[in-house]
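Subject: Model handover

Hello,

Here is the structure we talked about. Please load it first, then read my notes below.

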Amino acid sequence: MDSQAKIAEAMTRAFVRCGRHAPETQAVHQVIGLSLERAIFELDPALPSAVRGQISVAYRQAFADSATQSALYPNAKHVLGECLKNNFTLAIATGKSLQGLNAALEALDLGQYFSVIRTADQCASKPAPQMIEEILMETMIKPEQAIVVGDTTHDLQMAANAGVAAVAACYGAHKREALAEHEPLFYLDTIADLISLLPCLLGDEL
């Protein structure tokens with residue numbers, strides 16, 4: 001789902017509402033994927049914790065009130081369906097809150113594709129490996145049998161910290177050059193490119 005514009009808009013409004021200078025859009029893109037609290041800290045480490053809490057509340061309200069839509073990438077549902085047809089177990093590890101994720105899954109009719117979800121208010125923020133580790137434990141899948149598809153360096157570092165291979169989605173928040181530093185197995189220019197990789201990913205080990 002492409003939510004970059006909505007996230008940047010909500011973060012700008014949150015900072016301004018709390019009397020702070022809005023961060024640059026590119027800076028916001030760099031913290032996408034982190035928990036909200038961690039993202040705000042990264043954007044302005046000098047902020048007092050009380051102010052960060054105020055911005056967090058303001059962000060959630062601004063995100064909920066935003067008229068900007070977060071659209072699925074083209075062919076996203078088809079790709080998810082093909083993954084299931086090939087007997088992959090799908091999970092979500094996200095910097096969103098559980099409430100926010102559930103709302104998005106319901107609005108986009110995506111819940112049926114995913115067996116397990118982990119969010120930033122359930123686990124430590126990326127790039128900590130906790131979300132991946134809990135997903136693997138719940139699904140009884142070994143690290144060498146799993147793969148993380150991520151569009152941020154936080155995703156790829158989380159995968160490395162969990163001992164799991166990664167595929168870089170270059171159509172998302174972070175640029176290909178930054179993702180390449182984490183040595184992913186493959187690169188995706190569109191989400192549909194994942195379909196052609198499925199035969200490579202099938203088997204007991206990657």
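Ala91 is partly exposed, because its relative accessible area is 34%. On that scale, buried means under 20%, exposed means over 50%, and partly exposed lies in between (1.4 Å probe, protein chains only). Ala91 belongs to strand 1 (residues 91-93). Helices (H or I, at least four residues) and strands (E, at least two) are DSSP runs, numbered from the N terminus. Setting aside neighbours within four places in sequence, Ala91 is in contact with Phe114, Val116 and Ile135. Contact here means heavy atoms within 4.5 Å. Val51 is 40 residues from Ala91 along the chain, and their C-alpha atoms are separated by 34 Å.

Some ground rules. This is a predicted model, where local features need pLDDT of at least 70 and side-chain atom pairs count only at pLDDT 80 or more, while totals for chains, interfaces and linings use all residues. Residues are numbered from 1 along each chain as its sequence is written, and side-chain values use heavy atoms, with hydrogens and water left out.

Strand 3 (residues 147-150) pairs with strand 4 (165-169) in the parallel sense, over 4 bridges. Two strands pair if DSSP finds at least two bridges between them. Val149 stands opposite Val167 of strand 4. With helix 8 (residues 153-161) included, strand 3 and strand 4 make a right-handed β-α-β unit. Right-handed means that, with the strands pointing away from the viewer, the path from the first strand over the helix to the second runs clockwise. Strand 4 also pairs with strand 5 (residues 186-188), again parallel, over 3 bridges. There, Tyr187 is the bridge partner of Ala168. Strand 4 is mostly covered, with 4 of its 5 residues buried.

Which side chains of strand 3 are buried? Val148 and Gly150 are, and they point to one face.

Next, the cores. A nonpolar core is a set of buried Ala, Val, Leu, Ile, Met, Phe, Trp, Tyr and Cys residues joined through side-chain atoms within 4.5 Å. The largest has 23 residues, and Met11, Phe15, Ile40, Ile55 and Tyr59 have the most contacts inside it. Helix 1 (4-17), helix 2 (25-31), helix 3 (36-43) and helix 4 each supply at least two residues of this core. Another core, of 22 residues, lies apart from it and includes Ile92, Ile191, Leu194 and Leu201.

Last, the rings. The whole structure holds 2 aromatic pairs. One of them is Tyr73 with Tyr171, edge-to-face, at 4.8 Å centre to centre and 70° between the planes. Rings of Phe, Tyr and Trp (its six-membered ring) pair if their centres lie within 6.5 Å; planes under 30 degrees apart count as stacked, over 60 as edge-to-face and the rest as tilted. Tyr73 is buried, because its relative accessible area is 15%.

Best wishes
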